[in-house]
Amino acid sequence: MTDSRNAADRTFPNGFLWGAATAAHQIEGSPMADGAGPSIWTRFAHTPGMTLNGDTGDVACDHYRRWKEDVKLMKELGLQAYRFSVSWSRILPEGTGRVNQAGLDFYSRLVDELLANGIEPLLTLYHWDMPAALDDRGGWLNRDCADWFAEYGQVMYRALDGRVKKWVTLNEPWVITDGGYLHGALAPGHRSRFEAPIASHNLMRAHGAAVQAYRAEGKHEIGLVVNIEPKYAATDSAEDAAAVKRAHAYMNEQYLDPALLGTYPPELREIFGEAWPEWPQADFDLIKQKLDFIGVNYYTRSVTKDAVSYPLNTGVVRQPSGTYTETGWEVFPQGLTDTLTWVKDRYGDIPMYITENGAAFFDPPVAEPDSTGQRRVRDPLRMDYLQKHIGAIHDAIQAGCDIRGYMVWSLLDNLEWSLGYSKRFGVVHVNYATQDRTPKDSARWYSKVIASNGKFL
Ligand SMILES: OC[C@H]1ONC[C@@H](O)[C@@H]1O
């Protein structure tokens, strides 16, 4: 487990923020409680065949009712911060207009409990669960979505800004678009080469409108969270180099370029052809807003080759000597260092948080007592993954990147979207039959990393 470098070298900057991340639909359960409206995930998961085993977020980790116990657990683990998302349809059951005070009260109580326990809240406005009522009005395909999202953001800013000092507009617009509008694996389950660029662009317009709304009355920080998956050429052929450029533009540049540079990479027109619209300059002026930080979600890399595929014409080459997680992702910590230095080199010295990083490895459905009678979950593969990736962040800091914090994905085992409860990312085990929480060995180890500000690595 120990790294070759001197342990003393592993200390992180003073004030580095160590935490964990979750998302509303993945942990809360009770999706329709206290006046909430349905979201696209309530609808999608209840559509036969859309999720593994028909799993839904109806119960999940029952966090909507166990939130106080979960904050206590965060405190016991020594977390300094907690990244969570708000379910838009709890706040605005129809998506706009009428505010459901009970929904707002849930998040207000959660934030107060976090603060009372010395845990800093990082609030994500949108982590994939759009109100179904807005999907009925076209969802992210309707240009009005920018106004809808800004209105929702304003309700949250007025209620929580000051107690919440780090805001995130969107979580992973690439996944929302690729999963929800191109390949259909995620809500709302569309499969259209023509819809994907429109949804993607409107998501970024909505991001810009929500940041503008924040600047009008917010007094703290707001940023965007993107998933970045670095692409490495399978061979030194010109075809594979071109494939890397397409895959990199589509997954990595497509969101940070408009947000930070006010442009799209040219490869997107090559990829989408007639399906890539011409956008007015006013859209780019809306999208490109000053951001206080970028959140980077990192899991893996792709060794990329030229191939026949839709619509990228790229393929991923499995590495014979690689280690792979339960979600089929190669464990490649160097990719995180490369990602962080790439962001710095392309976009300048913007502060960054690792807002998600973690791995699904097999854990038993029930945490058995060990010889001491305490429930225990041994997860050496996850500990090794986290240790190597936190080390990779330290390397990026040494290379001059301004990294402000790390949120492990995830605090709890939870609903992995269409994969249901089959993949466990938590550092805390959840027994879905009893809702018992059991910190895994990785959580115990992470507590020591936090307490030593990384030196324990
Ligand atoms: O796939 C692992 C995670 O990736 N980032 C978004 C999360 O909701 C998801 O669970």
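Predicted model: local features only at pLDDT ≥ 70, side-chain atom pairs only at ≥ 80, totals over all residues.
Residues are numbered from 1 along each chain as its sequence is written, and side-chain values use heavy atoms, without hydrogens and water.

**The barrel**

Eight strands close into a barrel, paired in parallel, in the order 1-2-3-4-5-7-10-11. Strands are DSSP runs of E with at least two residues; helices are runs of H or I with at least four. Two strands pair if DSSP finds at least two bridges between them. Strand 4 and strand 5 pair over four bridges. There, W167 stands opposite I222 in strand 5.

**Helices on the strands**

Angles run from 0 to 180 degrees between N-to-C directions, with axes fitted to C-alpha atoms, for helices over the stretch in contact. Contact means heavy atoms within 4.5 Å.

| Helix | Strands touched | Angle |
|---|---|---|
| Helix 7 (residues 145-160) | strand 3, strand 4, strand 5 | about 160° with strand 3 |

**A helix pair**

How far apart are the axes of helix 8 and helix 10? They lie 9 Å apart, at an angle of about 125°. Helix 8 and helix 10 are therefore oblique to each other. Helix 8 gives P173, W174, T177, D178 and L182 to the contact; helix 10 gives Y250, M251, Q254 and Y255.

How values were computed:
Parallel < 35°, antiparallel > 145°, perpendicular 65-115°, else oblique.
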